[in-house]
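Here's a quick briefing for anyone meeting this structure for the first time. Have a look at the fold, then follow the topics below.

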Amino acid sequence: MLSDAPVAVDRGRYQDTVTPWEERAWRAEVLDWVRAGLTAHGMRPTGRWQARLRPWSVLLRLGVEGQDPVWFKANPPASAFEGALTAALARWVPGHVLRPLAVDTDRGWSLLPDGGPLFRDVLARETVTPGAWEELVRQYAAVQHALAPRASDIERLGVPAVPVGALPGVLDGLDDTPLPPRDRNALRELRPRLLDWCAELAALGVPDSLDHADLHDGQLFHPAPGRFTFFDWGDAVVAHPFSSLAVPARRAVEHHGPQVLPRLRDAYLEPWTGTGRSTAQLRRAVSLAWRLGALNRAAAYGRLFPTASGAASAASAASAARAATAAAGARCLLELLDEPPV
């Protein structure tokens, strides 16, 4: 039996965040939908559940009798595509993603099985060799390679497209974010170089595919040696695929040092060899996309729940959150510019 009173509510650093969770009728609809989804799979809820509320999602962890917990996720309108995308990926690249138990594409709701231990938790409790990181990026690159012919299908699911030619516009949009004058000037000075990078990357002809845009160690499961499951597609864009490498690679550097980068780059590129481009061309494309990928992430920021009409304090908090996330995108780009490209 599920009641609308959870065991715990986690708001993290966002204590003033307004989400649909605040509406009792919405919570009742969610729980009715979850019950129906569990029943369809022969599952019985235990009544123990937890809520995690953020400006960009409502996430519930629900206990199930005799089984691992399941997860409900509600996305804001700008990332409501996630459920449909997850379901499509389960058909297109089975074994690499979670297969949802239920999806409501109109409301942006998903009911998902547990995927096993997070890679982040594995890293915290045991020694993980660079080889595991190589396998991680190799498997993700294979997913992207397989999905490249489906880029248009992915866009039709509502996933935003951010082709290389659109990146200067994303950079220009960051000019309105609350940045220190030094950072703002650095971004403005970057524009001529960015135009050259975009032109060169486009000329290399690697087709667009799915970019997770935030593939860190808390966004993937590691259920067994050599196996990884990718999830949390709310920031996804259709873009240059190589932009995905920077986030996991930077995390690997934190554990193993910069000497791991060439190995990760070449492991990532394995699925892309034999496509008519030389190793040197593919490596150059990675070097360019490494930096430009920060703009893909910036384009994904600000996918937050709209505030209730007339709630001035909530609107102010949401506006501040959007400004902060956009500024984070700008800072990320500047950080990547300070790093040597792989």
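At 23% relative accessibility, D232 counts as partly exposed, where buried means under 20% relative accessible area, exposed means over 50%, and partly exposed is in between (1.4 Å probe, protein chains only). D232 sits in the loop between β9 (227-230) and β10; helices (H or I, at least four residues) and strands (E, at least two) are DSSP runs, numbered from the N terminus. This is a predicted model, so to speak of local features takes pLDDT of at least 70, side-chain atom pairs count only at pLDDT 80 or more, and totals for chains, interfaces and linings use all residues. Residues are numbered from 1 along each chain as its sequence is written, and side-chain values use heavy atoms, with hydrogens and water left out.

**Backbone with a positive phi**

- Most residues other than glycine have a negative phi.
- D232 has a phi near 65°, a positive value in a residue other than glycine.
- A213 is another such case, with phi near 75°.
- A213 is found in the loop between β7 and β8, and at 7% relative accessibility A213 is buried.

**The largest pocket**

- The largest pocket has a volume of about 1,500 Å³.
- Here's how a pocket is found: on a 1 Å grid over the protein atoms alone, a cavity is a set of points where a 1.4 Å probe fits but cannot get out, while a pocket is an open set with protein on both sides within 12 Å along at least five of seven lines.
- Grid points are joined across faces, edges and corners, and the volume is the space filled by probe spheres set on the points.
- There are 49 lining residues (those with an atom within 4 Å of a point), and the closest to the pocket's centre are R52, W56, H216, Q219 and D232.
- The lining divides into 21 nonpolar, twelve polar and 16 charged residues; Ala, Val, Leu, Ile, Met, Phe, Trp, Tyr, Cys and Pro count as nonpolar, Asp, Glu, Lys and Arg as charged, and the others, Gly among them, as polar.

**Salt bridges**

- The structure holds 20 salt bridges, each a side-chain nitrogen of Lys or Arg within 4 Å of a carboxyl oxygen of Asp or Glu.
- One of them joins D217 and R120, at 3.1 Å from N to O.
- That pair links distant parts of the chain, 97 residues apart: D217 is in the loop between β7 (209-211) and β8 (220-224), and R120 is in helix α3 (residues 119-125).
- D217 is buried, at 7% relative accessible area, whereas R120 is partly exposed, at 38%.
- R138 pairs with E270, their closest N and O atoms being 2.9 Å apart.
- This one also links distant parts of the chain, from R138 in helix α4 (residues 130-147) to E270 in the loop between α9 (261-269) and α10 (279-300), 132 residues apart.
- R138 is partly exposed at 21%, and E270 is partly exposed at 42%.
- D153 and R150 meet in a salt bridge too, at 3.8 Å from N to O.
- D153 is partly exposed at 25%, and R150 is partly exposed at 32%.
- E29, D104 and R107 are linked in a network of salt bridges.

**Aromatic rings**

- The whole structure has 14 aromatic pairs; rings of Phe, Tyr and Trp (its six-membered ring) pair if their centres lie within 6.5 Å, and planes under 30 degrees apart count as stacked, over 60 as edge-to-face and the rest as tilted.
- W33 and F72 form an edge-to-face pair, because their ring centres are 6.0 Å apart and their planes at 70°.
- W33 belongs to helix α1 (residues 24-40) and F72 to strand β4 (residues 67-74), so this pair links distant parts of the chain, 39 residues apart.
- Both partners are buried, W33 at 15% and F72 at 0%.
- F242 and W272 are edge-to-face as well, with centres 5.4 Å apart and planes at 80°.
- F242 is buried at 0%, and W272 is buried at 2%.
- Ring pairs link W26, W33, F72 and W109 into a cluster.
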